[in-house]
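Reader: Could you walk me through this model, feature by feature? I would like to learn how you read each one.

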Amino acid sequence: MFTYHIPTKVYFGKGQLENLGNVAKSYGKRILLVYGGGSIKKTGVYDSVCGYLKKSGMEIFECSGIEPNPKVGSVRKGIEICKQNKIDVVLAVGGGSVMDASKFISIGSCVDFDVWDFIAKKLPVEKALPLLCVLTISATGSEMDNTAVLNNSATQDKLALINDKLFPVASFCDPALTYSVGKYQTACGSADILSHLFEVYFNFNQDLYMLDTQMEGMMKTVFKYAPIALKEPENYEARANLMWTSSWAINGYIYGCNKKPWSCHAMEHQLSGVYDITHGLGLAILTPHWMEYVLDERTLPKFYDFAVNVCGIPKTEDKLKVAKEGIEYVKNFFFNQLELKNSLSAIGIDDKNFEMMAKKACGANGFINGWKKLYPEDVCNIYQASL
């Protein structure tokens, strides 16, 4: 038994950006354009977006420089612009970090307290400015979900907020806008998509066979099309399949009755919160070691299904062997096909902060209540194995 509701209207496919101006003006006249380091100007997306907005009579204000792991300071800057200029609608143009920052800007602009208090003090979210998203990279699925992650460097915390007020009202998803995304970011984004699926698929609470098969199909889609996108960056079919999968991997559709917190994301948020690494890369490094750590008699049947149904490993009576081959398939995909670094040490991370990060990952309860319960010692072991 569950409730499923996605209020975001999605404009998917080539040329859908043409609808941006009319959609934006339905929410007001003054719009805050939020983006990152300026790559949208090099690719022409910035000019296209501004052109459609101006044609519709929108007054544009800008908040640029959103970091790859969005910082609370940048969000505060955006909130100040909104309040000073009485912004009607927020527009995020970019990837997950820009969209997450924009979600916090949209709710922070409607309150008198500091935006970090939504997380630190668990203050209620009662109102938000309308949020529009123009997606430029397939990864986090923030264009179609109710979640946002924010980094506070002062406390070395990277934490998530989940609230229905964070749903964008509309998102524009043109796969052609991702043609310019380089191999590294495409690889990291693909790892992120897979991780969203893994976190739900490997779960004892998942009770719908239909959803398992849907997740298996999405995983196979990423395994098939990510390498193609790396080799042929302007392959529309590959980019479209990755983009649509990124949205449906995390918009709640696959959850069913899954109520368990995720495991790899909790551990990785500590890595990117402390070391500011790319989220998808951290997930790629951790995930195979988490899989090996939680593989036991109880979890074996699901790993076996994954290996057979997704990785194409032939069925045998030695299910443990098949399961391990499935994990090796994941390793090969991340580190050979996607060419991502295969260890924490390879990206300059040592073990000096592992104990602190493990405790934070386990939170107030003292453990991660995922597919297999993980205590700080377990998390440290997985970090160590990932070195």
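Reader: How do the residues of the lining of the largest cavity divide into nonpolar, polar and charged?

Author: Happy to start there. The lining of the largest cavity has 3 nonpolar, 4 polar and 1 charged residues. The classes work like this: Ala, Val, Leu, Ile, Met, Phe, Trp, Tyr, Cys and Pro count as nonpolar, Asp, Glu, Lys and Arg as charged, and the others, Gly among them, as polar. One caution: this is a predicted model, where local features need pLDDT of at least 70 and side-chain atom pairs count only at pLDDT 80 or more, while totals for chains, interfaces and linings use all residues. Residues are numbered from 1 along each chain as its sequence is written, and side-chain values use heavy atoms, with hydrogens and water left out.

Reader: What line the largest cavity, and which helices each supply at least two residues of the lining?

Author: On a 1 Å grid over the protein atoms alone, a cavity is a set of points where a 1.4 Å probe fits but cannot get out, and lining residues have an atom within 4 Å of a point. Here the lining consists of Ile137, Ser138, Thr178, Val181, Thr186, Ser190, Arg239 and Leu242. Helix 7 (183-201) and helix 9 (236-248) each give at least two of the lining residues. Helices are DSSP runs (H or I, at least four residues), numbered from the N terminus.

Reader: How many cavities of 30 Å³ or more does the count come to?

Author: There are 2. Grid points are joined across faces, edges and corners, and a volume is the space filled by probe spheres set on the points. Around the second largest cavity sit Phe198, Glu199, Phe202, Asn203, Asn258, Lys260, Pro261, Trp262, Ser263, Trp290, Gly370 and Trp371. That lining has 6 nonpolar, 4 polar and 2 charged residues.

Reader: At what angle do helix 7 and helix 11 pack?

Author: Axes are lines fitted to C-alpha atoms, for helices over the stretch in contact, and angles run from 0 to 180 degrees between N-to-C directions. Helix 7 and helix 11 (residues 279-294) pack at about 45°, with axes 7 Å apart. That makes helix 7 oblique to helix 11; angles under 35 degrees count as roughly parallel, over 145 as roughly antiparallel, 65 to 115 as roughly perpendicular and the rest as oblique. The crossing of helix 7 with helix 11 is left-handed, a term used if the near helix is turned anticlockwise from the far one by less than a right angle, with right-handed if clockwise. Contact means heavy atoms within 4.5 Å. Among the residues that meet are Tyr184 and Phe198 in helix 7 and Leu283 and Met291 in helix 11. The contact of helix 7 with helix 11 has 8 nonpolar, 4 polar and 1 charged residues.

Reader: Where do the axes of helix 8 and helix 12 cross, in terms of distance and angle?

Author: The axes of helix 8 (residues 209-231) and helix 12 (residues 300-309) come within 10 Å and cross at roughly 50°. That makes helix 8 oblique to helix 12. Helix 8 passes helix 12 in a right-handed crossing. The contact includes Asp212, Glu216 and Lys220 of helix 8 and Lys302 and Asp305 of helix 12. Its residues divide into 3 nonpolar, 1 polar and 5 charged.

Note on methods. 1 Å grid on protein atoms, 1.4 Å probe; cavity = no way out; pocket = protein on both sides within 12 Å on 5 of 7 lines; lining within 4 Å.
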